[in-house]
Amino acid sequence: MHSKNKKAQTAAEKRHVARLAELPCVVCGAHGVEVHEIKQGAWFLSCALCPDCHRGSVNGIHGQRRIWAVKKMDELDALSETIRMLYA
């Protein structure tokens, strides 16, 4: 979903987001990810999450975060794993 107050992505941000969309989920390894912005509009501070780890009511970062607790991860851990996967 795009906020009406959010700036349009630059070409570099679009390329970065496209690369993230090709990664597996950095929490559970599932394919078919969404790009989660840790800070709205800061596209380079984003990570690759499957729909369940992103928006799921039980497991999702926007829900109860149960899988995140099991994996002992927070958003910075997810960002770190995303960067590692991009450069592996």
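Modeller: Let's start with lysine 72, which counts as exposed at 73% relative accessibility. Here buried means under 20% relative accessible area, exposed over 50%, and partly exposed in between (1.4 Å probe, protein chains only). Keep in mind that this is a predicted model: local features need pLDDT of at least 70, side-chain atom pairs count only at pLDDT 80 or more, and totals for chains, interfaces and linings use all residues. Numbering runs from 1 along each chain as its sequence is written, and side-chain values use heavy atoms, with hydrogens and water left out.

Lysine 72 sits in the loop between H3 and helix H4 (75-87). Helices (H or I, at least four residues) and strands (E, at least two) are DSSP runs, numbered from the N terminus. Most residues other than glycine have a negative phi.

Now the charged pairs. A salt bridge here is a side-chain nitrogen of Lys or Arg within 4 Å of a carboxyl oxygen of Asp or Glu, and the structure holds three of them. In one, glutamate 37 pairs with lysine 6, with the closest N and O atoms 2.8 Å apart. This one links distant parts of the chain: glutamate 37 is in strand E1 (residues 34-37) and lysine 6 is in the segment before helix H1 (11-21), 31 residues apart. Both glutamate 37 and lysine 6 are buried. Another bridge joins the side chains of arginine 55 and glutamate 34 at 2.6 Å, N to O. Since arginine 55 lies in helix H2 and glutamate 34 in strand E1, this pair ties together parts that are 21 residues apart in sequence. Arginine 55 itself is exposed, at 52% relative accessible area. Then there's arginine 84 with glutamate 81, also 2.6 Å, N to O; both are in helix H4, three residues apart, about one turn of the helix. Arginine 84 is partly exposed at 47%, and glutamate 81 is partly exposed at 23%.

What about the cysteines? Taking a disulfide as a pair of cysteine sulfur atoms within 2.5 Å, the count is zero. Cysteine 25 has its nearest cysteine sulfur, on cysteine 28, 3.8 Å away, while for cysteine 28 the nearest is that of cysteine 50, at 3.6 Å. Cysteine 25 is buried at 3% relative accessible area, whereas cysteine 28 is partly exposed at 39%.

Cysteine 25 also turns up inside. A nonpolar core is a set of buried Ala, Val, Leu, Ile, Met, Phe, Trp, Tyr and Cys residues joined through side-chain atoms within 4.5 Å. The largest has 19 residues, and those with the most contacts inside it are Cys25, Val26, Val27, Leu49, Cys53, Trp68 and Ala78. H1, strand E2 (46-49) and H4 each supply at least two residues of this core, with the largest share, three residues, coming from E2. Zoom in on alanine 78: leaving aside neighbours within four places in sequence, it is in contact with Val26, Cys47, Trp68 and Met73, where contact means heavy atoms within 4.5 Å.
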